[in-house]
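Hi,

Here is the structure I said I would pass on.

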Amino acid sequence: MPDSAGTIESEDGVSGSGMKRLGARALASVSALGLTVLLGSCTGGEALRRFEFKPNAMGSQVASLDVPAGGELSFWNSLDLSYEQGSSLVFRISIQPQDASKPTEVECDALDPSMTLMSTETQLQDRVNQSWKLARMRCGYGPVAGDQRLQVTVVPILSGPVEIRRLVLELKR
């Protein structure tokens, strides 16, 4: 509570110490907001759809999405796997607009992203272990000419011995 000189007292009656605590709380709040904005901008925007693949269920998955005029899709993945050098893992993505006769095919190399968050990679002889919480792949789709409903079909394509513990593709706007 302010005293007659206008300084803020703490609960224990020490003049000015309440202001220090208030300043620390304000700084913590601003820092948390800044971190949230930074992570939001780094992780690609609004998540539209997640495709989760299990080692025993690697077949194609399909989803329909509404994308506004000028909208673009970015492709992100989350994985935890091991493989022998020379193996590959790509996502084959077929995007079929409602008004188009032919789909657009996009292939994204899951093992060569442009950016990763919370990642680890180890190699022992010819065996590579890779894991990351989130990674932006070097592929995308758009911008779309007008509001469109898209049918998106995703299938992971493996080449060589690959052991999958987690494999997720995420579409973001």
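**Charged pairs, the sheet and a disulfide**

Arg-138 comes out as exposed, because its relative accessibility is 56% and the cut-off for exposed is over 50%. Before I go on, bear in mind that this is a predicted model.

Arg-138 is worth a click for its partner: its side chain meets that of Asp-112 in a salt bridge, 3.5 Å from N to O. The two come from distant parts of the chain, with Arg-138 in strand β7 and Asp-112 in the loop between β5 and β6, 26 residues apart. Asp-112 is partly exposed, at 38% relative accessibility.

That is one of 10 salt bridges that a search of the whole structure turns up. As a general point, side chains of opposite charge can pair when their charged atoms come close.

Another one to look at joins the side chains of Arg-50 and Glu-170, at 3.2 Å from N to O. Arg-50 sits in strand β1 and Glu-170 in strand β9, so this pair ties together parts that are 120 residues apart in sequence. Are the two partners buried or exposed? Arg-50 is partly exposed, with a relative accessible area of 40%, whereas Glu-170 is buried at 10%. The pair also belongs to a network of salt bridges that links Arg-50, Glu-52, Glu-170 and Lys-172.

Then there is Glu-163 with Arg-165, whose side chains form a salt bridge at 3.4 Å, N to O. Both ends are partly exposed: Glu-163 has a relative accessible area of 41%, and Arg-165 has a relative accessibility of 39%.

Now for the sheet. It is open and has five strands in the order β1-β9-β3-β7-β6, with antiparallel pairing. Strands β1 (47–53) and β6 (115–124) are at the edges with a single partner strand each, so one side of each has no neighbour in the sheet. On average, neighbouring strands here are turned by 20° against each other, ignoring direction.

Within that sheet, β3 (residues 73–84) and β9 (residues 162–172) make an antiparallel pair over 10 bridges. If you want a spot to start from, Asp-80 has Arg-166 in β9 as its bridge partner.

Moving on from β3, you reach Ser-87 in the loop between β3 and β4 (88–97). Ser-87 counts as buried because its relative accessibility is 11%, and buried means under 20%. What does its side chain reach? There are backbone oxygens at both places: that of Glu-84 at 2.9 Å and that of Pro-161 at 3.4 Å. Leaving aside residues up to four places away in sequence, Ser-87 touches Leu-111, Ser-159, Gly-160, Pro-161 and Val-162.

Last item: the cysteines. How many disulfides does a search of the whole structure find? It finds one, between Cys-108 and Cys-139, with the sulfur atoms 1.9 Å apart. The torsion about that S-S bond is about 110°, so the disulfide is right-handed. It links distant parts of the chain, as Cys-108 is in strand β5 (residues 104–109) and Cys-139 in strand β7 (residues 127–141), 31 residues apart. Both Cys-108 and Cys-139 are buried.

Cheers

Notes: Residues numbered from 1 in each chain as written. Predicted model: local features only at pLDDT ≥ 70, side-chain atom pairs only at ≥ 80, totals over all residues. Heavy atoms only, no water. Pairing = 2+ DSSP bridges. Helix = DSSP H or I, 4+ residues; strand = E, 2+ residues; numbered from the N terminus. Axes fitted to C-alpha atoms, helices over the stretch in contact; angles between N-to-C directions. Buried < 20%, exposed > 50% of the residue type's maximum accessible area, 1.4 Å probe, protein only. Polar contact = N/O pair within 3.5 Å; in protein donor to acceptor, adjacent residues only side chain to side chain. Contact = heavy atoms within 4.5 Å. Disulfide = S-S within 2.5 Å. Salt bridge = Lys/Arg side-chain N within 4 Å of Asp/Glu carboxyl O.
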